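Here is a short walk through a few residues and their surroundings. Follow along in the viewer.

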Amino acid sequence: MKEILVLYYSHTGAVKEMAQLVARGVDQVKGASARLRTVPRVSAVCEATEPAVPVTGAPYVELKDLEECAALALGSPTRFGNMAAPLKYFWDSTGELWLKATLAGKPAAVFTSTASLHGGQESTLISMMLPLLHHGMVIVGLPYSEPELLATASGGTPYGASHHAGPGGERQVSDEERKLCIALGRRLAGIAVKLDRSG
Ligand SMILES: Cc1cc2nc3c(=O)[nH]c(=O)nc-3n(C[C@H](O)[C@H](O)[C@H](O)COP(=O)(O)O)c2cc1C
């Protein structure tokens, strides 16, 4: 069984819901299984610490999750058109794996949620790709053979799955956004399983 790491940060729940949909797509692929992980918040107060294990939800990611995964789906809310600091903070701790090329050749995909429709979905997705490319990962996007990419009036991009949550997070994940999250997980896992068989 190939483990597909679905790693996300979510403050108000939108990206968490997307992560669960991506994981659903992963689990639709024979031979693949989703492993959901999150990261703790980063505090501006140096002494503040989060509990070692989250009270609810996915466990915190460890470097061994990156070592053990066959592929990675990475999700973040946008922060000024960029990846959220807690995820960036985690990636800044992965130099040891970068030196060993642990992630080189593994497929990766990205997903995001924004408050405003044109508030930086694509730039956030691309910002998440940057550390993955430095690690040598192979980026997997969404092809236009997914009909929702043309039909959507909210989120959904060829760079990865996205969701327009609205200013107060009041917008539910739309039908098109949901299908694209699942399709992304399914595509990522399908490629990971095929890569493993050929190699
Ligand atoms: C500091 C900060 C910066 C943000 N920057 C943007 C932004 O540039 N564009 C945007 O549309 N939404 C922005 N947002 C809104 C969140 O990205 C959005 O509400 C997202 O859906 C939250 O996801 P979550 O529910 O998984 O935490 C920002 C939110 C915060 C707190």
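H163 is buried, because its relative accessible area is 2%; buried means under 20%, exposed over 50%, and partly exposed in between, using a 1.4 Å probe and protein chains only. This is a predicted model, in which local features need pLDDT of at least 70, side-chain atom pairs count only at pLDDT 80 or more, and totals for chains, interfaces and linings use all residues. Residues are numbered from 1 along each chain as its sequence is written, and side-chain values use heavy atoms, with hydrogens and water left out.

H163 sits in strand β7, residues 161-164. Strands (E, at least two residues) and helices (H or I, at least four) are DSSP runs numbered from the N terminus. Setting aside residues up to four places away in sequence, H163 touches A14, M18, T112, S113, T114, Q121, G155, R171, Q172, V173 and E177. Contact here means heavy atoms within 4.5 Å.

Now take E177. It lies in helix α7, residues 175-198. Its side chain meets that of H163 in a polar contact of 2.6 Å. Such a contact is a pair of N or O atoms within 3.5 Å; within protein, one must be able to donate a hydrogen and the other to accept it, and residues adjacent in sequence count only if both atoms are side-chain atoms.

What is the nearest side chain of opposite charge to E177? R171, 5.5 Å away. E177 is buried, yet has no salt bridge. A salt bridge needs a side-chain nitrogen of Lys or Arg within 4 Å of a carboxyl oxygen of Asp or Glu. Lys and Arg count as positive, Asp and Glu as negative; His and the chain ends are not counted.
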